[in-house]
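Here are some notes for a colleague who is opening this structure for the first time. They are set out as numbered points, to be read with the sequence and the model side by side.

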Amino acid sequence: MMLTLFIPIILFFSGIGSAQNSNLTVSVSSLKNNTGKLTVELYNSKERFLKNACKTISSPIKSNAGSVTFTGIPNGEYSVLVYHDANNNGKLDKNFIGMPKEPVACSNNAKGFMGPPKYEDAKFIITKDSKISIEMTTAH
């Protein structure tokens with residue numbers, strides 16, 4: 001009798017916990033070509049932005065576009081950096097002063113001036129399953 005009473009309570013609370021996680025699909029368009037792969041880095045704080053991604057996913061590029069889905073991420077504030085890993089070496093290549101040599105873009109299509117975009121311009125809130133679109137620009 002006691003066990004049948006606890007099972008619905010446990011199921012209720014486990015449902016609440018899973019409701020606090022969501023999926024985020026990131027679609028990227030306007031890639032120059034289909035060589036290499038698309039890499040998407042997810043950041044969960046201003047302090048980590050463009051330094052230390054909390055999650056990274058890569059995908060093939062088809063028809064000059066790509067898409068990835070982060071599953072089960074906690075609801076909250078995030079930002080995204082995407083880059084076209086054209087030479088497929090698993091990293092964002094940079095020149096001697098640290099500027100990207102491969103095309104890059106950020107969530108909200110945020111752009112920097114004389115440097116990377118600001119976190120405030122790239123951040124967004126996830127409260128449910130979400131989709132964002134980013135257009136890869138030629139300037140990087």
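**Notes on the model**

1. At 34% relative accessibility, Lys123 counts as partly exposed. This value, like the others below, is computed from a predicted model. The side chain of Lys123 meets that of Glu77 in a salt bridge, with a distance of 3.8 Å from N to O. The pair links distant parts of the chain, since Lys123 sits in the loop between H2 and strand E7 (124-126) while Glu77 belongs to strand E5, 46 residues apart. Glu77 is also classed as partly exposed, at 31% relative accessibility.

2. A search of the whole structure finds two salt bridges, and the other one joins the side chains of Glu120 and Lys46 at 2.7 Å, N to O. Glu120 lies in helix H2 (residues 119-122) and Lys46 in the loop between E2 and strand E3 (55-60), so this pair ties together parts that are 74 residues apart in sequence. Glu120 is partly exposed, with a relative accessible area of 39%, and Lys46, at 47% relative accessibility, counts as partly exposed as well.

3. For the overall layout, the protein contains two helices and eight strands, which follow one another along the sequence in the pattern α-β-β-β-β-β-β-α-β-β. Of the 140 residues, 34% count as buried. Among the contacts with a separation of 6 or more, 70% are made by residues 24 or more positions apart.

4. Which residues of the largest nonpolar core touch the most other members? They are Leu24, Val26, Val80 and Val82, in a core of 20 residues. At least two residues of this core come from each of strand E1 (21-29), E2, strand E4 (66-74), E5, E7 and strand E8 (130-135). As background, nonpolar side chains tend to be buried together in soluble globular proteins.

5. Leu24 deserves a separate look in the viewer. Leaving out residues up to four places away in sequence, Leu24 touches Leu42, Val68, Thr69, Phe70, Ile73, Val80, Phe124, Ile126, Ser130 and Ile132.

6. Thr25 is found in strand E1. Is Thr25 buried or exposed? Its relative accessibility is 16%, and because a residue under 20% is classed as buried, Thr25 counts as buried. When its neighbours within four places in sequence are set aside, Thr25 is in contact with Ser67, Val68, Thr69, Ser130, Lys131 and Ile132.

7. The largest pocket has a volume of about 670 Å³ and is lined by 28 residues, with Pro100, Val104, Gly115, Pro116 and Pro117 lying nearest its centre. Strand E2 (37-43), strand E5 (76-85) and strand E6 (104-106) are the elements that give two or more residues to this lining. E6 gives the most, with three residues. By class, the lining of the largest pocket consists of 16 nonpolar, seven polar and five charged residues.

Notes. Residues numbered from 1 in each chain as written. Predicted model: local features only at pLDDT ≥ 70, side-chain atom pairs only at ≥ 80, totals over all residues. Heavy atoms only, no water. 1 Å grid on protein atoms, 1.4 Å probe; cavity = no way out; pocket = protein on both sides within 12 Å on 5 of 7 lines; lining within 4 Å. Points joined across faces, edges and corners; volume = space filled by probe spheres on them. Helix = DSSP H or I, 4+ residues; strand = E, 2+ residues; numbered from the N terminus. Nonpolar A, V, L, I, M, F, W, Y, C, P; charged D, E, K, R; others polar. Salt bridge = Lys/Arg side-chain N within 4 Å of Asp/Glu carboxyl O. Buried < 20%, exposed > 50% of the residue type's maximum accessible area, 1.4 Å probe, protein only. Core = buried A, V, L, I, M, F, W, Y, C linked by side-chain atoms within 4.5 Å. Contact = heavy atoms within 4.5 Å.
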